[in-house]
Amino acid sequence: MIEVNNLTKRYGEVDAIRDVTFQATKGEILGFLGRNGAGKTTTMRILAGSLGPSGGSARVAGFDVVEKPKDAKRRLGYLPEQPPLYLDMTVRDFLAFAARIKQVPRAGVRAAVDRAIDKAGLPQVTGRLVGNLSKGYRQRVGLAQAIVHDPEVLVMDEPTEGLDPQQIIEIRELIRGLKGAHTVVLSTHILPEVQQVCDRVLVIDRGRIVAQDTLAALERRVKGSAGVEVVVARPSPEVLAAIRAVPGVLGVAPGPAGLGEGGGAAYLADIALGEDPREGIARAVVEGGFGLLSMHRVSTSLEDIFLGLIRDAGAEG
């Protein structure tokens with residue numbers, strides 16, 4: 001659905017993005033993750049046809065955004081960070097206007113508007129002026145105008161920016177509901193957004209893609225191992241040696257603050273990827289008489305993954 005190859009945008013001597021290459025397949029939600037100023041919005045604008053590239057190519061549903069801009073735009077819905085709204089129009093009138101300028105056949109405008117209103121959760125405000133709506137509802141209207149012509153591809157730039165927590169939850173739920181029917185590229189700097197909404201993630205830093213994969217694969221790339229937290233009732237120096245001797249354990253150290261649940265002591269075992277030595281750890285702790293209180297896996301946080309990728313990219317640069 002989306003094919004981007006060596007996409008570059010220069011402003012004078014400065015490269016806003018350099019050699020950006022990625023694909024988004026039919027029906028997936030692809031997260032475009034990066035710090036503010038990393039190049040996300042520049043890439044989104046080129047995909048949407050509102051900004052020309054300095055080099056490389058981008059295709060939407062098989063159409064080059066430079067060579068066949070009208071064909072590409074017919075198949076793409078765009079929600080910029082600031083939704084393009086007419087505040088003095090009612091919701092229904094604005095969406096009907098958006099449908100007409102996106103060349104929805106006149107006979108199908110009403111049905112297209114009704115469908116967009118339903119998908120975006122707007123039935124209760126269709127007769128209200130857009131300017132009188134809350135920011136959360138305005139964002140819904142922005143989403144509705146992006147999907148009113150039922151595009152194959154949706155590009156969303158920071159769709160939850162500036163919303164309150166309840167509005168963020170609602171917008172994320174709406175985006176998840178688009179999965180399968182549309183290919184979605186979602187730009188964000190909010191880490192939990194990627195975790196909760198996206199199938200795959202691209203990480204961009206200083207205008208270059210530094211990683212692209214599933215979150216699980218990126219975790220393996222950054223950390224190279226996983227962890228198991230073990231809480232014992234009777235801590236002693238021998239606990240470290242007993243756990244370390246279990247096959248599959250790379251190392252072990254006292255956990256944060258050294259305290260676990262129920263007043264016991266926590267230990268964090270570093271585990272080789274693909275290994276699951278929890279049974280062996282449990283046996284070692286019980287046979288050693290240390291009193292096993294609990295044991296659970298500890299996964300790498302998304303923040304750790306992101307910071308690790310950015311750090312690695314900086315070291316390579």
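The following legends describe several close-up views of one predicted protein model.

Residues are numbered from 1 along each chain as its sequence is written, and side-chain values use heavy atoms, with hydrogens and water left out. Because the model is predicted, local features need pLDDT of at least 70 and side-chain atom pairs count only at pLDDT 80 or more, whereas totals for chains, interfaces and linings use all residues.

**Figure 1. The whole protein chain.** The protein chain holds 11 helices and 14 strands; these are DSSP runs, numbered from the N terminus, of at least four residues for helices (H or I) and at least two for strands (E). Of its 317 residues, 48% are buried. Buried means under 20% relative accessible area, exposed over 50%, and partly exposed in between (1.4 Å probe, protein chains only). The accessible surface comes to about 15,100 Å², of which carbon and sulfur atoms account for 50%; such areas come from the Shrake-Rupley method with a 1.4 Å probe, and for residues only the protein chains shown count as cover. Among contacts between residues at least 6 apart in sequence, 68% join residues at least 24 apart, where contact means heavy atoms within 4.5 Å.

**Figure 2. Strand E8 and its parallel neighbours.** All 6 of the 6 residues in strand E8 (residues 183-188) are buried. Thr183, Val185 and Ser187 point one way from E8, while Val184, Leu186 and Thr188 point the other way. Strand E3 is joined to E8 by 5 bridges, and the two run parallel; strands count as paired if DSSP finds at least two bridges between them. In this pairing, isoleucine 29 stands opposite valine 184 of E8. Strand E7 (residues 153-157) also runs parallel to E8, joined by 5 bridges, and aspartate 157 has serine 187 in E8 as its bridge partner.

Figure 3. In strand E9 (residues 200-205), 5 of the 6 residues are buried. Strand E3 (residues 29-33) runs parallel to E9 and is joined to it by 4 bridges, with leucine 33 opposite valine 203 in E9. Strand E10 (residues 208-213) runs antiparallel to E9, with 5 bridges joining the two.

**Figure 4. Glutamine 139 in helix H5.** Glutamine 139 lies in helix H5 (residues 135-147). This residue is buried, with a relative accessible area of 4%. When residues up to four places away in sequence are not counted, glutamine 139 touches Leu79, Pro83, Glu158, Pro159, Thr160, Leu163 and Ile171.

**Figure 5. The largest pocket.** The largest pocket has a volume of about 480 Å³. Of the 19 residues lining this pocket, the closest to its centre are Lys73, Leu76, Ile101, Lys102 and Gln145. Helix H2 (69-74), strand E6 (76-79) and helix H3 (91-101) are the elements that give two or more residues to the lining, and H3 gives the most, with 4 residues. On a 1 Å grid over the protein atoms alone, a pocket is an open set of points where a 1.4 Å probe fits, with protein on both sides within 12 Å along at least five of seven lines; lining residues have an atom within 4 Å of a point. Grid points are joined across faces, edges and corners, and the volume is the space filled by probe spheres set on the points.
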